[in-house]
Amino acid sequence: MSIRFLSVFRRVAPTLLLACAPARAPRSAPVMPPLGQPTVAPLVIAHRGASGHRPEHTLEGYALAVQMGADFIEPDLVSTKDGVLVARHENEIGGTTDVAAKFASRKTRKVVDGDTISGWFTEDFTLAELRTLRAKERLPFRSHAYDGQYAVPTFVEVLALADSLGRRRGRAVGVYPETKHPTYFRSIGLPIEDPLLRALRTHGLDRADAPVFIQSFESGNLRVLSTQTRVRLIQLVSSAPQVTPAALRDIATYAYGVGANTRQIVGEDSAAVPTSLIADAHAAGLRVHAWTLRPEPVFLAKRYRGDPIAEVRELVRLGVDGLFGDYPDQVVTGLRK
Ligand code: G3P
Ligand code: CA
């Protein structure tokens with residue numbers, strides 16, 4: 001048995017073991033309802049994988065999310081120096097990998113989307129260099145038991161994982177890529193959109209009915225993408241002017257739905273009356289996916305009195321079409337109640 005085989009096997013074995021675990025009972029809703037038809041039940045979207053349980057954006061975290069019942073896994077995408085898309089929440093990777101210990105001298109400072117940031121950036125590393133890194137949990141109050149074990153995956157590897165898990169489990173496993181800092185990456189000659197579309201085409205996923213959503217906080221790249229692909233697009237929104245009825249009607253000219261902060265839906269304080277965002281978006285013909293459900297006290301709105309299931313139930317009552325959660329198992333539990 002060759003050393004290369006052993007090293008590859010060691011890397012993927014935990015994922016394969018997870019993939020072979022018993023599948024949970026199928027959910028009642030199809031992963032992707034046909035265009036023009038309402039969602040039967042909200043989609044469960046594994047935010048950065050099962051990121052409450054494993055370091056975010058790792059194949060192992062995505063596989064665990066699928067085992068827990070997620071319909072979609074969510075890779076945030078940034079580029080390497082050699083133009084390969086990898087799954088990281090931001091291009092600065094000091095907080096989620098061991099890059100500081102392995103490449104101390106490569107620390108630098110740059111301005112990204114108006115913010116001055118010190119650290120290590122994916123666009124300064126080749127894929128071969130990033131392959132030497134291991135992921136770690138970013139939040140101090142979450143488990144660090146898996147730090148140092150898992151690699152930084154490429155987008156192509158995420159697509160291959162979703163495909164193999166879907167075949168194994170007899171259901172589609174959706175992929176929900178987010179273009180991170182798309183204007184910045186285009187400005188340095190490493191556009192996100194081109195390799196994203198290439199990868200989707202290679203995997204036969206550049207179709208309107210593919211189990212794929214492409215999301216972005218920027219609207220410029222989504223407007224262009226709407227002329228280049230039939231894959232459903234999701235406009236991420238985070239401010240009041242973005243969700244007026246008129247603004248939503250404009251979004252509906254190029255996107256399938258909006259990804260909204262939960263606080264934009266239920267209001268900011270404990271006693272707030274839910275907003276009309278979902279009704280207004282539905283009136284404009286848009287679906288609404290809410291981010292991000294997280295049970296820890298620092299994140300969970302006080303209105304739920306420490307009960308994350310109550311948050312799921314309220315958003316369902318309000319008519320949400322999809323839920324991004326760090327703990328997909330909790331979202332699934334909430335949807336069953
Ligand atoms: O993409 C939905 C949600 O993930 C947006 O927030 O910062 O976690 O990418 P972020
Ligand atoms: Ca995201």
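Which helices each supply at least two residues of the lining of the largest cavity? They are helix H12 (308–317) and helix H13 (328–336), where helices (H or I, at least four residues) and strands (E, at least two) are DSSP runs numbered from the N terminus. This is a predicted model, in which local features need pLDDT of at least 70 and side-chain atom pairs count only at pLDDT 80 or more, while totals for chains, interfaces and linings use all residues. Residues are numbered from 1 along each chain as its sequence is written, chains are lettered from A and ligands numbered from 1 in the order in which they are written, and side-chain values use heavy atoms, with hydrogens and water left out.

**Ligand 1 and its surroundings**

- Ligand 1 is surrounded by His47, Arg48, Glu74, Asp76, His89, Glu178, Lys180, Gln215, Phe217, Leu236, Trp291 and Phe324, a residue being near if one of its heavy atoms lies within 4 Å.
- By class this shell has four nonpolar, three polar and five charged residues, with Ala, Val, Leu, Ile, Met, Phe, Trp, Tyr, Cys and Pro counted as nonpolar, Asp, Glu, Lys and Arg as charged, and the others, Gly among them, as polar.
- Oxygen atoms of ligand 1 lie 2.7 Å from a polar side-chain atom of His47, 2.7 Å from an N or O atom in the side chain of Arg48 and 3.0 Å from a polar side-chain atom of Glu178.
- Of the 280 Å² of accessible area that ligand 1 has on its own, the protein covers 91%, as computed by the Shrake-Rupley method with a 1.4 Å probe.

**The largest pocket**

- Ligand 1 sits in the largest pocket, in the sense that more than half of its atoms lie within 2 Å of the pocket's grid points.
- On a 1 Å grid over the protein atoms alone, a pocket is an open set of points with protein on both sides within 12 Å along at least five of seven lines, whereas a cavity is a set where a 1.4 Å probe fits but cannot get out; lining residues have an atom within 4 Å of a point.
- About 290 Å³ of space lies in the largest pocket, and of the 20 residues that line this pocket, the closest to its centre are His47, Arg48, Trp291, Thr292 and Arg294.
- Helix H10 (262–266) and strand E12 (287–293) are the elements that give two or more residues to that lining.

**Backbone features**

- Trp291 and Thr292 are joined by a cis peptide bond with omega of about -10 degrees, and Thr292 has its place in strand E12.
- Arg48, in the loop between strand E1 (43–47) and helix H2 (59–68), has a positive phi of about 60 degrees although it is not a glycine.

**The largest cavity**

- The largest cavity has a volume of about 60 Å³, and H12 gives the largest share of its lining, three residues.
- The lining, which includes Leu293, Arg294 and Tyr327, divides into six nonpolar, two polar and three charged residues.

Conventions
A polar contact is a pair of N or O atoms within 3.5 Å; within protein, one must be able to donate a hydrogen and the other to accept it, and residues adjacent in sequence count only if both atoms are side-chain atoms. Grid points are joined across faces, edges and corners, and a volume is the space filled by probe spheres set on the points.
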